[in-house]
Amino acid sequence: MSLRVLHPGLHSLIVDFGRPGSRSLGVPVGGAADRSSLMLGNALVGNEPNAPALEITLAGPVLQADGEVGCVVYGAPFDVSTDRRRLSAGKTFTLQAGEELHIGGTERGARAYLCVHGGFESAVVLGSCSALEPLRDGDVLRCRESVMGARFVRAEPTGNDKPFALRVVAGAQADWFEAADFLTQEFTVTPATRRRHTRP
């Protein structure tokens with residue numbers, strides 16, 4: 001059973017909780033940017049919290065199923081539909097053979113997770129299934145065949161637009177900045193912000 005990538009979206013990436021325990025090798029933890037949404041999405045389709053899912057950023061992919069697969073898109077309220085019907089983000093559904101899943105954009109938030117029953121099959125690198133590069137046209141996402149009844153979480157995820165303080169850990173370039181100047185500035189996360197990934 002698989003989902004074929006007809007269009008990859010802006011930055012769609014298989015993720016789990018990342019690679020803890022490898023920072024001494026210079027490898028960041030990485031993984032899901034919104035762990036809470038990943039865990040809730042996985043719970044809705046009956047998975048363990050850390051099951052590999054597809055992280056969608058700002059604009060989602062178009063995928064085609066070659067059999068039945070139970071899914072949910074959970075996180076920011078993305079536009080979700082297929083070539084046959086409208087769907088609701090945050091509510092489980094079952095794709096039929098040949099059906100195309102279209103995940104559009106979102107007016108609020110930045111990321112959501114496409115979770116499938118059993119999780120996506122992905123190579124394990126340093127103890128994690130998180131991919132090292134985003135999806136490309138023609139990629140195939142392997143998963144198990146499944147059927148999912150309607151499930152949803154009543155509480156809609158909400159963001160917090162108020163400023164908040166972040167903990168800072170000094171890195172290798174800490175001496176490039178005057179600490180007082182750096183730590184007293186206010187920074188804004190914009191849609192241009194993204195995590196960097198390099199192709200092997």
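Let's start with C143: at a relative accessible area of 3% it is buried, where buried means under 20% relative accessible area, exposed over 50% and partly exposed in between, using a 1.4 Å probe and protein chains only. Quick caveat: this is a predicted model, so local features need pLDDT of at least 70 and side-chain atom pairs pLDDT 80 or more, while totals for chains, interfaces and linings use all residues. Numbering starts from 1 along each chain as its sequence is written, and side-chain values use heavy atoms, leaving out hydrogens and water.

Now, C71 stands opposite F93 in β8. Strand β5, residues 69-75, pairs with β8 in the antiparallel sense over three bridges; pairing takes at least two DSSP bridges between two strands. Strands here are DSSP runs of E, at least two residues, and helices are H or I, at least four, numbered from the N terminus.

Zooming out, the open sheet has five strands, ordered β2-β3-β10-β5-β8, with antiparallel pairing. At the edges sit β2 (13-15) and β8 (93-95), each pairing on one side only.

Finally, helix α1, residues 35-44, packs on the sheet and touches β3, β5 and β10, contact being heavy atoms within 4.5 Å.

Notes: Axes fitted to C-alpha atoms, helices over the stretch in contact; angles between N-to-C directions.
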